[in-house]
Amino acid sequence: MSATDALPGLASAASGGAVDVERLQQALCPQPSETPFVLEDGVGDEELTPAAVLFPIVRRLDELTVLLTQRTAHLKDHPGQISFPGGRCESTDASPADTALRETNEEIGLSSAHVEIIGYLPEYRTATGFRVTPVVAMVTPPFDLRLDAFEVAEAFEVPLSFLLDPANHQQHSLHYRGKLRHYYAMPFGDYFIWGATAGMIMSLCRALESSSR
């Protein structure tokens with residue numbers, strides 16, 4: 001089954017470069033919420049750790065892009081994978097937005113002065129034990145990044161239009177914890193965007209589709 005089959009009408013709502021900031025903001029939740037939520041294939045009944053990520057959309061002159069990171073290969077959680085900057089919520093964080101901004105600054109050195117939060121996607125519950133709040137934000141260049149060499153191998157940008165185009169959405173499967181797990185993937189050049197990161201991008205696709213009805 002392709003992503004287009006799973007989400008009828010998505011091509012008309014999310015392909016190409018027609019998505020602007022106003023339409024993005026209209027499609028998002030104004031505040032974080034635990035309901036509704038997206039349940040990743042393979043989630044069990046274990047207690048989930050609260051976390052937040054920044055979904056950073058960069059205002060480039062010619063198009064909007066999404067800033068992603070590649071995690072270093074030696075990390076315990078998701079080594080080598082493509083991800084949004086973010087991590088576990090700490091007791092000192094006042095909100096998921098605070099978590100996302102703090103973690104983003106720690107991981108890639110992006111200052112909150114360049115970041116404007118425009119809304120939230122549904123909480124994303126992962127098979128690896130996290131319930132993640134995606135915090136969607138516009139990022140205004142120019143900015144300098146300082147990567148945490150322990151956690152982040154690389155930071156790179158992908159056109160938002162590419163990520164929203166159903167032609168670039170794939171579905172794969174693997175055996176995890178004794179069960180067959182299905183997941184989305186969006187290969188981009190040498191980068192294989194998959195799992196929770198691709199799942200949260202699909203959440204944005206669904207939000208845009210719903211807002212266009």
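Mentor: Let us begin with burial, for which a cut-off is needed: buried means under 20% relative accessible area, exposed means over 50%, and partly exposed lies in between. Please bear in mind that this is a predicted model.

Trainee: By that cut-off, is Glu103 buried or exposed?

Mentor: Glu103 counts as buried, because its relative accessibility is 10%. Its side chain meets that of Arg102 in a salt bridge, at 3.2 Å from N to O.

Trainee: How many salt bridges does the structure hold?

Mentor: The structure holds 9 salt bridges. One of them joins Arg125 and Glu123, whose closest N and O atoms are 2.7 Å apart. Arg125 counts as buried at 16% relative accessibility, and Glu123 is buried with a relative accessible area of 2%. Through salt bridges that share partners, Glu34, Glu123, Arg125 and Arg131 are joined into one network.

Trainee: Let us turn to empty space. How is it found?

Mentor: A probe the size of a water molecule is rolled over the atoms, and this shows where empty space is left. Here, the second largest pocket holds about 200 Å³ of space. It is lined by 15 residues, and those closest to its centre are Leu39, Glu40, Asp41, Tyr124 and Tyr184.

Trainee: Which elements each supply at least two residues of that lining?

Mentor: They are strand S1 (37-39), strand S11 (179-188) and helix H6 (195-211). H6 gives the largest share, 5 residues. Sorted by class, the lining of this pocket has 7 nonpolar, 4 polar and 4 charged residues.

Trainee: How should I read the length and the surroundings of H6?

Mentor: The span is compared with that expected at 1.5 Å a residue: H6 has 17 residues and reaches 24 Å from its first C-alpha to its last, close to the expected 24 Å.

Trainee: What can be said of Ala185, and where does it lie?

Mentor: Ala185 lies in strand S11 and is buried, with a relative accessible area of 0%. Ala185 and Ala196 are 11 residues apart in sequence, and their C-alpha atoms are 9.5 Å apart in space.

Trainee: Which residues should I examine in the loop between H5 and S10?

Mentor: His169 is one of the residues in that loop. It is buried, with a relative accessible area of 6%, and its side chain reaches the backbone oxygen of Asp165 at 3.3 Å. Pro166 is also placed in the loop between helix H5 (160-164) and strand S10 (170-176). Pro166 is buried as well, its relative accessible area being 5%. From Pro166 to Met186 there are 20 residues in sequence and 9.5 Å in space, C-alpha to C-alpha.

Trainee: Finally, how are peptide bonds to be read?

Mentor: Most peptide bonds are trans. In this model, the bond from Thr35 to Pro36 is cis, with omega near -5°. Pro36 is found in the loop between helix H3 (21-27) and S1.

Trainee: What is the form of the peptide bond from Pro141 to Pro142?

Mentor: That bond is cis, with omega near 0°. Pro142 is found in the loop between strand S8 (130-139) and strand S9 (152-159).

Note on methods. Residues are numbered from 1 along each chain as its sequence is written. This is a predicted model: local features need pLDDT of at least 70, side-chain atom pairs count only at pLDDT 80 or more; totals for chains, interfaces and linings use all residues. Side-chain values use heavy atoms; hydrogens and water are left out. On a 1 Å grid over the protein atoms alone, a cavity is a set of points where a 1.4 Å probe fits but cannot get out, and a pocket is an open set with protein on both sides within 12 Å along at least five of seven lines; lining residues have an atom within 4 Å of a point. Grid points are joined across faces, edges and corners, and a volume is the space filled by probe spheres set on the points. Helices (H or I, at least four residues) and strands (E, at least two) are DSSP runs, numbered from the N terminus. Ala, Val, Leu, Ile, Met, Phe, Trp, Tyr, Cys and Pro count as nonpolar, Asp, Glu, Lys and Arg as charged, and the others, Gly among them, as polar. Buried means under 20% relative accessible area, exposed over 50%, partly exposed in between (1.4 Å probe, protein chains only). The expected span of a helix is 1.5 Å times one less than its number of residues. A salt bridge is a side-chain nitrogen of Lys or Arg within 4 Å of a carboxyl oxygen of Asp or Glu. A polar contact is a pair of N or O atoms within 3.5 Å; within protein, one must be able to donate a hydrogen and the other to accept it, and residues adjacent in sequence count only if both atoms are side-chain atoms.
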